[in-house]
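Here are my notes on the model, point by point. Please read them with the coordinates open.

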Amino acid sequence: MGLVMGTFSLQSKPVTYHKDKADDDLEMTIVCHRPEGLDQLEAQTNFSKRELQVLYRGFKNECPSGVVNEETFKQIYSQFFPHGDASTYAHYLFNAFDTGNTGSIKFEDFVTALSILLRGSVTEKLQWTFNLYDINRDGYINKEEMTDIVRAIYDMMGKYTYPVLKTDAPKQHVDAFFQKMDKNRDGVVTLDEFILSCQEDENIMRSLQLFENVI
Amino acid sequence: MAAGVATWLPFARAAAVGWLPLAKKTMPKPPVDNSSRSDEILYVNVSGVRFQTWKNTLDRYPDTLLGSSEKEFFYNEDTQEYFFDRDPEMFRHILNFYRTGKLHYPRHECIQAFDEELAFYGIVPEIIGDCCMEEYRDRKKENQERLAEDTEANEANDAPLPPHSTSRERLWRAFENPHTSTMALVFYYVTGFFIAVSVIANVVETVPCQPPKGMVKDLPCGVKYQLAFFCMDTACVLIFTFEYLMRLFAAPSRCKFMRSVMSVIDVVAIMPYYIGLVMPENEDVSGAFVTLRVFRVFRIFKFSRHSQGLRILGYTLKSCASELGFLLFSLTMAIIIFATVMFYAEKGTKGSTFTSIPASFWYTIVTMTTLGYGDMVPNTIAGKIFGSICSLSGVLVIALPVPVIVSNFSRIYHQNQRADKMRAQQKVRLARIRMAKKGTANAFLQYKEDHTLGDRDSDSTALCVKNRSAFEHQHNHLLHCLEKTTNHEFTDEMTYSELCMTESVGFRTSRSTSLSSQQGAQNNSTGCCPRRARRRAAMRLANSTVSVSRGSVQELDTLQFKTTSIPPQTRSSLNAQPDDLKLNCGDQDFTAAIISIPTPPANTPDESLPPSPTPVPGILRNTRATAYTHETVKISSL
C-alpha cells in the first residue's frame with residue numbers, strides 16, 4: 001500500500017527546493033562594498049569626521065555587506081510608518097538616493113544625500129526634492145508623476161485617518177500644487193519654476209531649516 | 001520597533017524634506033534634544049569583567065535597562081564605570097544582542113538563570129532570534145512541566161489532612177490515597193482481593209468439571225456448583241456495591257464522579273448481577289442475559305485503581321489517540337483495497353473460500369498482521385502475488401505509528417518514575433533541611449537563653465555571645481522583635497507537637513468578643529503552623545484595634561496603649577531600635593503591624609499578664625519558658 005501512496009504523491013507538484021534563495025544570500029554577502037576613505041568623504045560632504053564615523057557604524061551594523069538593496073530599504077522605511085503602506089514612497093526615495101541607478105545604495109550615496117538634506121543649502125535641498133518628484137528624470141514634473149508621489153504619501157497615512165480620506169484627495173492636492181508651482185501654465189513644472197515658487201513661500205523656507213540638527 | 005530602526009531614524013527624518021513643498025500646513029517644531037550628540041565609549045564592569053561599548057549601541061533599545069536611564073543607578077562615580085554584580089558569561093550574550101540585534105540562547109546555560117538575567121536587564125524573551133527560539137521554547141516548556149509536576153507531587157497526596165474536615169472529606173481522602181490511614185489500606189486490599197476472587201470465579205466456572213452421578217457429559221463447574229458460585233458472586237457484588245456507594249457519597253463533585261471512567265467501570269461491573277436478579281427465568285430473555293454476563297469481565301479493569309502501570313497504559317493510549325486513529329484509518333483503507341483485489345483475483349477458481357469481498361476482509365487482516373491462519377489461501381498466481389504484496393505492506397503500515405506510541409509511553413512512564421523518585425527523595429531532602437533549620441532555630445533559642453542569663457550575670461553572657469557574628473546578633477534580635485510583636489515565641493518541634501495535641505482539645509473555650517472568636521477560629525484552621533499563626537496575629541494587629549485575643553482581651557489592649565518608658569535593665573532595652581527590622585517584601589501586612597503598635601507599653605508586667613498561665617492556643621511556650629512569661633508582655637518600642 002505504501003507503493004500505492006507513493007505513486008499517487010508523485011503526480012503532485014514538484015517540491016521546490018530553496019536553493020536559489022540561499023545562493024542569492026551568499027552572493028549578497030560576497031559582494032562587499034567598502035566606502036572610500038574617511039577624509040575623502042569628509043571633503044565631499046558637510047559632515048565632520050566624528051559624525052561620519054557614527055553614521056558609518058550604524059550603517060555597517062545594519063548592512064554588513066555595505067550596500068542596501070531596494071527590498072531592505074522598503075522594509076526599513078515601512079517600520080517607521082506602520083499604519084499605512086510606505087513601500088511606494090520608499091521606492092521613489094530609493095531611486096532618489098540611488099543617484100547612479102545601480103540598484104543598491106552604498107554608504108557614499110547614503111551620506112551624500114544626508115549631507116544635502118541636513119546640511120545643504122536651500123537650493124541644494126530643493127534640487128534634491130525636485131529630483132525626487134521627477135520620477136523619470138526628464139527634468140520636468142508633470143501631473144502624473146506628481147499624482148503618483150502624492151498618492152504614495154497618502155498611502156503612508158493608512159486607512160484610519162481623521163477626517164476620512166477621500167479618494168480624490170491626492171488629485172486635489174496635486175491641483176493645488178500645480179496652481180502654485182506652474183508659473184507659465186504649461187502643465188509641467190521645471191526646476192527653476194520649482195525653486196522660484198518655493199522661495200516665495202515662507203512656510204516652506206522656514207520648515208527647510210527644521211531638520212538641520214537631526215544628526 | 002526593531003533594532004537598527006533607531007539607526008535609520010535620522011535618515012527617515014531627513015527624507016521628510018521631500019514632503020515640505022507639498023505640505024498644506026506648517027511643519028511642527030522638531031523635538032529639542034539636549035543630550036550630547038557625540039558618541040562615547042561606555043565602560044561596563046560585570047563582576048570584574050570589563051566590557052566596553054559605544055553609547056549608541058546601548059541606546060538602540062531604550063526600553064531596556066542598559067538603554068534607558070536606569071543604568072545610571074549602577075554608575076560608579078569612583079571608577080567611572082557601570083558596575084553590575086551579575087554573571088559575566090550571560091552578560092556577553094546580552095551585550096551581543098545590543099550589538100547585532102539578535103538575542104541568542106546559549107544552550108549550555110540553565111534556562112531559568114537565563115530568564116532571570118533577561119528579566120533583570122529588561123529584555124523580553126520573545127525577541128530571541130529564530131535560530132535559538134525553538135530550543136529556548138522547548139527547554140522552557142520542559143522546565144515548566146517538570147516544576148508543575150514537582151509542585152503537584154508536593155502538595156497533592158502527602159499533604160497532611162486539615163483538621164476538622166468533614167467525615168465526607170476524610171472518606172474521600174481515604175479512598176483516593178489508601179496510604180494515609182490503616183483503615184483505608186485494609187479496605188484497599190480487601191477490595192483488591194475480592195476483585196481477584198470475582199475474576200477467578202468467572203474464569204473457573206466455565207471449566208468443565210466431573211459430571212455428577214447419572215450424567216455422562218462433562219458439565220462446566222459453574223453449573224455443577226451453582227449455589228457456591230452464586231454465593232461468591234453475591235458476596236463480591238455486595239462489596240463492590242458498597243464501595244461504589246461509599247465513593248459516591250464521599251465524592252466532592254458527584255456529577256463529575258459519575259462521569260469518570262472508573263465509576264462507569266464500577267457500574268458496568270455490578271449491573272449484570274442485578275439485572276440477572278430482576279430478570280425472570282425466561283428462555284428467550286436468558287439468552288440476552290448470558291451476553292450480559294460477559295460484562296462481568298470488566299471487573300478486571302477495577303484493578304487499574306490498584307495498579308499504576310495500568311493507568312499509565314491507559315493514559316498513553318489516550319494521548320496517542322491521533323496516531324492510533326491514523327493506524328486504524330490506513331489499515332481500513334488497505335484492507336478494503338486488498339480484499340477487493342483478492343476477491344476478483346480468486347473469483348474464477350472452483351471451491352474458492354473468497355466468497356465475497358467482506359469474506360476476503362478476514363484474509364486481508366490475517367495476512368497484514370502476519371498471522372496467516374491458513375484457513376483462506378489464494379490459489380491463482382495473481383492471487384498469490386497480491387497476497388504477498390498485502391503481507392509486505394501490512395508490516396510497513398503497522399510499523400509506522402508504533403514508534404510514536406512507544407516514545408509517548410516511554411515519556412509518560414519516565415515522568416511517573418521521576419515523580420515517584422522526587423517524592424521519595426523529597427522526604428529525605430525535607431528532613432535534612434529541617435535539621436539545618438533546627439540548627440538556626442536552636443541558635444536563636446540559645447541566644448535567648450544566653451540573654452536571660454545575661455540579665456542576672458552580665459559577665460557570663462559576654463563570654464557566651466562573643467563567638468557569634470554581627471549578622472547573627474542582628475538576626476537574632478530581629479527574631480526577638482518578632483516574638484515581642486506577636487506575643488508568641490519560637491519553639492522547637494517536639495514541644496510544638498505536644499502543645500498541638502493538648503490544645504486541639506482545649507481550644508473551644510468561649511471568647512469574649514465574637515470578633516476575636518472568629519479570628520481565633522480562623523487562626524487555628526490554618527493548621528498548627530506557628531509562622532502563619534504569627535502572621536495572622538500581626539495582621540490582626542494591623543487591621544483591628546480590637547485585641548488580638550488569644551487569651552484575655554485586655555492583655556494586648558494594654559500592650560498597645562501603654563506609653564511609659566522601659567526600664568533599662570530589662571531585655572527590651574536591647575530591642576530599642578525600630579529601624580533594624582529588615583523584612584522581606586512579602587510580609588507587607590507585617591510591616592504595617594509593627595508600625596501600628598504606637599509606643600512601648602508595659603509599665604508593670606503583672607497587670608497585663610494573661611490571667612491564666614495555661615497554654616492558650618497559639619501561644620507556644622517552651623517547657624523552660626516560665627521565666628519568659630513575665631517578660632513576653634514587655635513589648636519593645638517598635
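1. How many salt bridges does the rule find across the interface of chain A and chain B? It finds 0. Bear in mind that this is a predicted model. Polar contacts across the interface of chain A and chain B come to 2 residue pairs, both at pLDDT 80 or more.

2. The area tells the other part of the story. Chain A and chain B bury about 3,800 Å² between them. Carbon and sulfur atoms account for 74% of that. On chain A, helix 4 (residues 49-62) supplies the largest share of the side that touches chain B, with 7 residues. In total, 50 residues of chain A and 39 residues of chain B take part in the contact.

3. Next, the cores. The largest nonpolar core has 64 residues. A:Tyr77, A:Phe110 and A:Met146 touch the most other members. This core lies between domain 1 (20-120) and domain 2 (122-209) of chain A, because both give residues to it. A second, separate core holds 27 residues, among them B:Leu65, B:Tyr82, B:Tyr105 and B:Tyr136.

4. Last, helix 11 (residues 191-200) of chain A. Which of its residues are buried? They are A:Glu193, A:Phe194, A:Ile195, A:Ser197 and A:Cys198. The buried residues of helix 11 pack against helix 8 (122-133), helix 10 (169-181), strand 4 (188-190) and helix 12 (202-208) of chain A.

Technical notes:
Residues are numbered from 1 along each chain as its sequence is written. Chains are lettered from A and ligands numbered from 1 in the order in which they are written. This is a predicted model: local features need pLDDT of at least 70, side-chain atom pairs count only at pLDDT 80 or more; totals for chains, interfaces and linings use all residues. Side-chain values use heavy atoms; hydrogens and water are left out. A nonpolar core is a set of buried Ala, Val, Leu, Ile, Met, Phe, Trp, Tyr and Cys residues joined through side-chain atoms within 4.5 Å. Buried means under 20% relative accessible area, exposed over 50%, partly exposed in between (1.4 Å probe, protein chains only). Domain bounds come from an automatic or database domain assignment. Contact means heavy atoms within 4.5 Å. Buried area is the accessible area (1.4 Å probe) that two parts lose on being put together, summed over both. A salt bridge is a side-chain nitrogen of Lys or Arg within 4 Å of a carboxyl oxygen of Asp or Glu. A polar contact is a pair of N or O atoms within 3.5 Å; within protein, one must be able to donate a hydrogen and the other to accept it, and residues adjacent in sequence count only if both atoms are side-chain atoms. Helices (H or I, at least four residues) and strands (E, at least two) are DSSP runs, numbered from the N terminus.
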